[in-house]
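Hello,

Please find the structure below. My notes on it follow.

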Amino acid sequence: MSTLAVRIYYEDTDAGGIVYYANYLKFFERGRTEFLRELGIEQDTLLEKNIAFVVRKVDMDCLKPARFNALLNVKTQIIYHKKASIRFKQEVFQENGELLCQAGTLIACVNLQKMKPAAIPAEIIEVIASAC
């Protein structure tokens, strides 16, 4: 599991000072990227090999609003992986531990030249398996 701190800036909010729902998707993306980085998986290195992780499906549930200037914690964990996909569970918590938003995200591995699903490289599967 990985935790990323995210400060809410004015640009993240609507006119009422509440985080715009689509911005949670950005926070989740940052959380997944940083989690993979902590595991030693750099996505720019994968891009050089014509491999990318792309979002295939997101199930998101916004439970309570986050507000301007709040410090949130984005928790990310891998639930399972298959040959060409990874399932993440992600949650956004208020600084006091209150759950605000949660999502299940399915990521597909894609060959960028063919724009088709591709097997996740064996060395990455090995690292991911140890994090499950």
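Surface patch

Leu25, Val55 and Val58 make up a nonpolar surface patch of about 200 Å². Patches are made of residues with over 30% relative accessible area and no salt bridge, where like charges are joined within 9 Å and nonpolar side chains (Val, Leu, Ile, Met, Phe, Trp, Tyr) within 5 Å. Accessible areas come from the Shrake-Rupley method with a 1.4 Å probe, and for residues only the protein chains shown count as cover.

This is a predicted model, in which local features need pLDDT of at least 70 and side-chain atom pairs count only at pLDDT 80 or more, while totals for chains, interfaces and linings use all residues. Residues are numbered from 1 along each chain as its sequence is written, and side-chain values use heavy atoms, with hydrogens and water left out.

Val58 belongs to strand E2 (residues 51-62). Helices (H or I, at least four residues) and strands (E, at least two) are DSSP runs, numbered from the N terminus. With a relative accessible area of 31%, Val58 is partly exposed; buried means under 20%, exposed over 50%, and partly exposed in between (1.4 Å probe, protein chains only).

Strand pairing

Two strands pair if DSSP finds at least two bridges between them. E2 and E5 are antiparallel and pair over 11 bridges, with Val55 opposite Ile107 in E5. E4 and E5 also run antiparallel, joined by 9 bridges; here Leu106 in E5 is the bridge partner of Arg87. The hairpin formed by E4 and E5 has 4 residues between the strands, and Gly97 in the turn has a positive phi of about 95 degrees.

E5 pairs with strand E6 (residues 116-117) as well, in the antiparallel sense and over 2 bridges. Val110 stands opposite Pro117 in E6. The hairpin of E5 and E6 has 4 residues between the strands, and Met115 takes a positive phi near 55 degrees.

Why is strand E5 largely enclosed by the rest of the structure? The reason is that 10 of the 13 residues of E5 (residues 99-111) are buried.

Salt bridges

How many salt bridges does the structure hold? The count is 6, a salt bridge being a side-chain nitrogen of Lys or Arg within 4 Å of a carboxyl oxygen of Asp or Glu.

One of them joins the side chains of Arg37 and Glu34 (2.7 Å, N to O). These two residues are 3 apart in helix H1 (residues 23-38), so about one helical turn separates them. Arg37 is partly exposed at 37% relative accessibility, and Glu34 is partly exposed at 27%. A network of salt bridges links Glu34, Arg37 and Glu42.

Another salt bridge is formed by Arg87 and Asp59, with the closest N and O atoms 3.8 Å apart. This pair links distant parts of the chain, as Arg87 is in strand E4 (residues 85-94) and Asp59 is in strand E2, 28 residues apart. Asp59 is partly exposed, at 40% relative accessibility.

Glu91 and Lys89 also meet in a salt bridge through their side chains (3.8 Å, N to O). Glu91 is buried, with a relative accessible area of 13%, whereas Lys89 is partly exposed at 35%.

Cysteines

A disulfide is a pair of cysteine sulfur atoms within 2.5 Å, and by this rule the count is 0. The closest cysteine sulfur to that of Cys101 is in Cys62, and at 3.8 Å it is too far for a bond. Cys101 is buried, with a relative accessible area of 0%, and Cys109 counts as buried at 0% relative accessibility.

Regards
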